[in-house]
Amino acid sequence: MSLKSRRRGAALEEAILSAAAEQLQESGYARFTIEAVAERAGTSRPVLYRRWPTRADLLLATIRWFGERTRPPTPDTGNLRDDMLTLLRFTNSVRLSAMAVIGAQVGSFYEDTGVTPAELRRHLIGDRPQVLDEVLARAASRGEAPADLPRRIRELPFDLLRGEAMLTMKPLSDESIVEIVDDVFLPLIRLRLASAQGGRR
């Protein structure tokens, strides 16, 4: 019995997007076609075309699907340092390694569609509230961080993580993750907090 005859609706879409993610990671954008994904999913091309009229539509849907399934849990360890370490370790071990493969595989997608890497990343992240926002809001309520951190400081640990991973083409060591938090991020947070507290005196 074929996948098409056994599955309908959300179950069929889930199977197609799972197959699409596998196809992208294994074979790259050049072989990421409606035909290849349909064959891998065990369904027909018209089924895919009804949902995603173009290969680009299917790829963006696949990226969004992947992002939903690799969303980090919100840590609540009771302190900012351990929350950030938890988030960075998850990103390093789960999301970053897989996205590095996808990012390296999309190749001519950017040229074909005009989509930028930043836009592709937004499809990955989506418009849901960010886990980092919750972590920093709790830290501010505990007095560990100011409530109005600039975006560049908020995102700095993840920018450093992604930057080093792109240069080395592999996940970071745990020692490097600890250094990002202890030697870069937390000192900046403490400086901003001291400045904010000093300004209120």
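**Ground rules.** I am working with a predicted model, where local features need pLDDT of at least 70, side-chain atom pairs count only at pLDDT 80 or more, and totals for chains, interfaces and linings use all residues. I number residues from 1 along each chain as its sequence is written, and side-chain values use heavy atoms, with hydrogens and water left out.

**Whole chain.** I looked up burial for the 201 residues of the protein chain, and 39% of them are buried. Buried means under 20% relative accessible area, exposed means over 50%, and partly exposed lies in between, with a 1.4 Å probe and protein chains only. I then looked up contacts, which are heavy atoms within 4.5 Å. Among contacts between residues at least 6 apart in sequence, 71% join residues at least 24 apart.

**Helix α2.** I traced α2 over residues 9-27, which makes 19 residues. From its first C-alpha to its last α2 reaches 27 Å, close to the 27 Å expected at 1.5 Å a residue. The expected span is 1.5 Å times one less than the number of residues. I noted its buried residues, among them Leu-12, Ile-16, Ala-20 and Leu-24. An α-helix has 3.6 residues a turn, so residues three or four places apart point the same way. Just after α2, I found Gly-28 with a positive phi of about 80°.

**Helix α3.** I listed Ile-34, Ala-36, Val-37, Ala-38 and Ala-41 as the buried residues of α3. Just after α3 comes Gly-42, with a positive phi of about 75°.

**Helix α5 and the cores.** I looked up α5 next, and its 15 residues reach 21 Å from first C-alpha to last, close to the 21 Å expected. Its buried residues include Ala-56, Leu-58, Leu-59, Trp-65 and Phe-66. Which residues have the most contacts inside the largest nonpolar core? I found Ile-16, Phe-32, Leu-48, Leu-58, Leu-59 and Phe-109, in a core of 28 residues. The elements giving two or more residues to this core are α2, α3 (34-41), α4 (45-51), α5 and α8 (117-125). The largest share, eight residues, comes from α5. I also noted a second, separate core of 23 residues, which includes Met-84, Leu-87, Val-131 and Val-135. A nonpolar core is a set of buried Ala, Val, Leu, Ile, Met, Phe, Trp, Tyr and Cys residues joined through side-chain atoms within 4.5 Å.

**Phe-109 and Tyr-110.** Leaving aside neighbours within four places in sequence, I found Phe-109 in contact with Tyr-29, Ala-56, Leu-59, Leu-60, Gly-114, Val-115 and Leu-120. Tyr-110 is in helix α7 (residues 109-113), and I noted it as partly exposed because its relative accessible area is 24%. Not counting residues up to four places away, Tyr-110 touches Val-115, Thr-116, Pro-117 and Leu-120. The C-alpha atoms of Tyr-110 and Leu-120 are separated by 9.1 Å.

**Thr-70.** I placed Thr-70 in the loop between α5 (55-69) and α6 (80-105). Is Thr-70 buried or exposed? I count Thr-70 as buried because its relative accessibility is 7%. Its side chain reaches the backbone oxygen of Phe-66 at 2.9 Å.

**A charge over a ring.** I found the charged end of Arg-55 over the ring of Tyr-29, 3.9 Å from its centre. The rule asks for NZ of Lys or CZ of Arg within 6 Å of the ring centre and within 35 degrees of the ring normal.

Leu-136 is in helix α9, and I count it as buried because its relative accessibility is 4%. Not counting residues up to four places away, Leu-136 touches Leu-80, Leu-149, Arg-154 and Phe-185. I placed Arg-142 in the loop between α9 (131-141) and α10 (151-168). Arg-142 is partly exposed, with a relative accessible area of 33%. Beyond its neighbours within four places, I found Arg-142 in contact with Asp-76, Gly-78, Asn-79, Leu-80 and Asp-83. Arg-142 and Leu-80 are 62 residues apart along the chain, and their C-alpha atoms are separated by 9.2 Å.

Conventions. Helix = DSSP H or I, 4+ residues; strand = E, 2+ residues; numbered from the N terminus. Polar contact = N/O pair within 3.5 Å; in protein donor to acceptor, adjacent residues only side chain to side chain.
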